[in-house]
Amino acid sequence: MSRTARYHTTVAWKGEHWGHIVLGNGPEMDFSAPPDAQGHAGVFTPEDAFVAAANTCVMMMFIWAAERFKLNLVSYDCRVEGTKLIELDRTETFTHLRFWPVIKIAAGTEDKSVVEARTRRALQSAQKYSLVANSVRSQISVEPTIEIVD
């Protein structure tokens with residue numbers, strides 16, 4: 001049976017191109033539009049939030065999958081780049097999210113090629129079960145670097 005969960009945020013305008021966000025899980029911070037949209041440099045932006053939501057969700061799902069696939073995760077780092085298309089009428093859409101995870105797994109006594117294949121399956125599962133990745137219209141590509149160590 002399906003079920004639902006709800007998440008919330010609250011934003012408030014602080015003047016000019018500044019806002020303040022309170023996340024439902026507790027953290028809060030100031031934000032602005034990016035400089036290319038009349039905002040400020042060096043602060044959190046909605047574009048950052050979009051890309052970060054995808055990156056953090058896929059990472060958390062990879063950790064979940066690594067546990068289920070019995071992988072000995074040593075480290076996980078991932079850079080994600082979002083490509084934003086700006087149309088002539090100034091409407092904007094993220095068209096592509098490109099992930100570059102760097103994953104290090106300890107093989108122990110297992111064959112490294114078997115562990116690498118299981119790691120790739122875990123990464124596919126992470127993308128498949130990521131709420132955020134499933135909720136965006138952007139094309140998603142994952143170009144992993146996987147290192148299997150003894």
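View 1. Leaving aside residues within four places in sequence, V102 is in contact with S75, Y76, D77 and T145, where contact means heavy atoms within 4.5 Å. This is a predicted model, in which local features need pLDDT of at least 70 and side-chain atom pairs count only at pLDDT 80 or more, whereas totals for chains, interfaces and linings use all residues. Residues are numbered from 1 along each chain as its sequence is written, and side-chain values use heavy atoms, with hydrogens and water left out. V102 has its place in strand β5, and helices (H or I, at least four residues) and strands (E, at least two) are DSSP runs that are numbered from the N terminus. With a relative accessible area of 43%, V102 is partly exposed, a class that lies between buried, under 20% relative accessible area, and exposed, over 50%, as found with a 1.4 Å probe on protein chains only. Although V102 and T145 are 43 residues apart in sequence, their C-alpha atoms are 4.8 Å apart in space, and T145 is the bridge partner of V102 in β7.

**View 2. The strands that pair with β5.** Two strands pair if DSSP finds at least two bridges between them. Strands β4 and β5 run antiparallel and are joined by 14 bridges, and in this pairing S75 stands opposite K104 in β5. Strand β5 (residues 92-106) also pairs with β7 in the parallel sense, over five bridges, and with strand β6 (residues 139-142), again in the parallel sense, over four bridges. Within these pairings, I103 has I146 as its bridge partner in β7, while L97 stands opposite I140 in β6.

View 3. What does T119 touch, not counting residues up to four places away in sequence? T119 touches F62, L71, I103, I105, I146 and I148, and T119 itself lies in helix α2 (residues 112-129). At 0% relative accessibility, T119 counts as buried.

**View 4. The largest nonpolar core.** A nonpolar core is a set of buried Ala, Val, Leu, Ile, Met, Phe, Trp, Tyr and Cys residues joined through side-chain atoms within 4.5 Å. The largest one here has 28 residues, of which F62, L97 and F99 touch the most other members. The elements that give two or more residues to this core are α1 (46-68), β4 (72-86), β5, α2, α3 (131-135) and β7, and α1 supplies the largest share, with eight residues.

**View 5. The cysteines C57 and C78.** Why does the structure hold zero disulfides? A disulfide is a pair of cysteine sulfur atoms within 2.5 Å, and the sulfur of C57 is 12 Å from the closest cysteine sulfur, in C78, which is too far for a bond. C57 is buried, with a relative accessible area of 16%, and C78 also counts as buried, at 18% relative accessibility.

View 6. On a 1 Å grid over the protein atoms alone, a pocket is an open set of points where a 1.4 Å probe fits, with protein on both sides within 12 Å along at least five of seven lines, and lining residues have an atom within 4 Å of a point. About 780 Å³ of space lies in the largest pocket, a volume being the space filled by probe spheres set on the points, which are joined across faces, edges and corners. Of the 20 residues that line this pocket, Y7, T9, L23, A53 and V132 lie nearest its centre. At least two lining residues come from each of β2 (18-23), α1 and α3, and α1 gives the most, with seven.

View 7. Q38, which is not a glycine, has a positive phi near 70° and has its place in the loop between β3 (28-32) and α1. R90 takes a positive phi near 75° in the hairpin of β4 and β5, which has five residues between the strands. Both are exposed, Q38 with a relative accessible area of 61% and R90 with 56%.
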